[in-house]
Structure formats: structure tokens, C-alpha cells
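Hi everyone, thanks for coming. I'd like to walk you through one model today, so please have a look at the screen.

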Amino acid sequence: MKATRGCRFSFHVTLVSAAIAYIYFSTVFVFIDQWLGLWSSPGILNAILFSVVALFCILSYPLAIYTDPGRVPSSFIPDVEDPENTVQEIKRKGGDMRYCQKCSLYKPPRAHHCRVCNRCVLRMDHHCVWMNNCVGHANYKIFFIFVLYAVIACIYSLVLLVGSITIDSPKHDQQSEGSYRTVYILSGLLLVPLSLVLGFFLGWHVHLILQNKTTIEYQEGVRAMWLAEKGGHVHSHPYDLGAYENLISVLGPNVCCWACPTTRHIGSGLRYRTPFEGFSSTSR
């Protein structure tokens, strides 16, 4: 059963929700209507396509917010004698098993303590203020899918905005141009930076997924790589299974469901497959 979080008010979440609503209504009822005519065949087609993208974006966002990213069970104890568990994460200093003093729990592989949520999160990537939630094991794919649809929606809307203001249309007249001028200016100021920032953010997480890394693991890996090169060794990420297997481990084995915010494949999050293991499941 999927864990959910309680509802807490967040200014950032309210701002994102307002931006989504504004972009949708301005795109459908201003850009499409002014350029193509909302009730023309091209207008209806673009309105439907944009509405589908917006719908997936709208569904993914609250799902990412209210899905618990993954809690460490109070009964979890690392099994150091398990012959199948070939990778054990230990403290940098002392070599002991990773233990959280604040939660009074052992940390499973890839788990980290979030100071904002005040608890350990399985396969923690980062704490997202725009979701008022951590991004971790149970909601990482949902978060990624939301960003994907948000990028598509922003670029789609921006294309419709540019087309609406640069191409002559029977809808264009001095009265309509004047009444919608504020909408065009606000939309441009919103869509251009959003498309750039979210596009870069999406590319960054595609890069992380292809290497099967979290943001935290990337940051830790930079330091580990520097130390390894300094000592004459080669550092390799222990969870890198190859590009395709890495995609499967995050997005799921069914390619047809990659673009859907489903997480039935994720497993418990207490253990992750490594190149040194022979079992076929992505996680246990």
C-alpha cells in the first residue's frame, strides 16, 4: 500500500499551482483562440493536445507532493552476512555501518537524513521546496514525469504564444491586441525562464537516471572521484548497471508505462541491484 503524507499549506506549492492554472487558461483561451480560433479544426486539435499534456502535469504534481518518498522501517537492521548483498555502505570515518543518531535507525543503502522533514528518506535525491516534500525512492519517478510534462507544456505554450503574436489572424484587431497585451507580456516573462530552467533541470535528471545516481550521490561522487584519483585508483558508482538497465530501475520494465506516473516496480527501497549481483529484480 502506498504511503501518503498529510496536507500542509505551502506558499511555493500555491505559487506553482497558480502558475499552472494561468499558463493553461492563457494558452487555450488566448493564444490558441487568437491565432487559430478556438472552435476551428486546428484550434480544437491544439486545445485537446495541450489539455492532455496539462492534465498529466496536473495529475503528477499532487501525486508527487502527497506520495511519501520512503520511510526507513523501525525494524531495519543491515544484514552484513547476506552473500547476495555485496555492497555495504559504511561511514567515511571509522568504517561503521551508517546509523542516524537523530532517527535512532540504521540507514539502508542510499538513504539520507532530511533536516527539513526531520527523518531519513530512502534513496533521497533532494528536498524540493516547490513540492513541500522530499524527492526519494517512492516518488522520484512521479517527480521526474511531472518535470517532463511541465517542460513539454511550457515549450508548447511558448510556441503558441509566439505564433499568436507573429502571424496575422482574423482574430487580431486593435481592441483584442490591447486587451490581451498584459497577458502576452506576463506569459512571456513566465514561460521563457520556466522553459529554460525546467529544460535544464530535466536534462540534469536524465543524466542522473542514465548513471543511476541521485543528486546527493553525484555530489558525493565528485569528492570520491577526486580522492580516488589522488590515490591512484579509479572510482566507479556501485549502482551503475548500464544506461538501459538504469532507465528500467527508475522508470520501470514496461516501456509503454515510462511516461505514466506509476511506481509499481520500485520495491521496498531497502536494497538496490548492483553490477556485482546476479539477481534480476531491480530492487528488494
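Let's begin with Lys-213: at 12% relative accessibility it counts as buried, because buried means under 20% relative accessible area, with exposed over 50% and partly exposed in between, using a 1.4 Å probe and protein chains only. Please keep in mind that this is a predicted model, where local features need pLDDT of at least 70, side-chain atom pairs count only at pLDDT 80 or more, and totals for chains, interfaces and linings use all residues. Residues are numbered from 1 along each chain as its sequence is written, and side-chain values use heavy atoms, with hydrogens and water left out.

Where does Lys-213 lie? You'll find Lys-213 in the loop between α4 (174-210) and α5 (215-230). Helices here are DSSP runs of H or I with at least four residues, strands are runs of E with at least two, and both are numbered from the N terminus. Setting aside neighbours within four places in sequence, Lys-213 is in contact, meaning heavy atoms within 4.5 Å, with Arg-110, Arg-123, Leu-208, Tyr-218 and His-237. Asp-240 is 27 residues from Lys-213 in sequence, and their C-alpha atoms are 7.7 Å apart in space.

Now to the helix packing. Helix α2 (residues 41-66) meets α3 at an angle of about 150°, and their axes are 8 Å apart. Those axes are lines fitted to C-alpha atoms, for helices over the stretch in contact, and angles run from 0 to 180 degrees between N-to-C directions. The pair is therefore roughly antiparallel, the word for angles over 145 degrees. On the α2 side the contact includes Leu-49, Phe-50 and Val-53, and on the α3 side it includes Phe-143, Phe-146 and Tyr-149. The residues of this contact divide into 18 nonpolar, 3 polar and no charged. Nonpolar covers Ala, Val, Leu, Ile, Met, Phe, Trp, Tyr, Cys and Pro; charged covers Asp, Glu, Lys and Arg; the others, Gly among them, are polar.

Helix α1 (residues 11-35) also packs with α3 (residues 140-166), at about 35° and with axes 9 Å apart. Among the residues making that contact are Ile-20 and Trp-35 of α1, and Cys-154 and Gly-163 of α3. This contact has 12 nonpolar, 5 polar and no charged residues.

Last, the annotation. An unreviewed UniProt entry places "transmembrane region" at residues 12-32, 44-66, 142-163 and 183-204. In the model, residues 142-163 are 100% helix, with end C-alpha atoms 32 Å apart. Residues 183-204 are 100% helix too, with end C-alpha atoms 31 Å apart.

Note on methods:
Parallel < 35°, antiparallel > 145°, perpendicular 65-115°, else oblique. UniProt positions renumbered as here; feature names shortened; annotations may be inferred.
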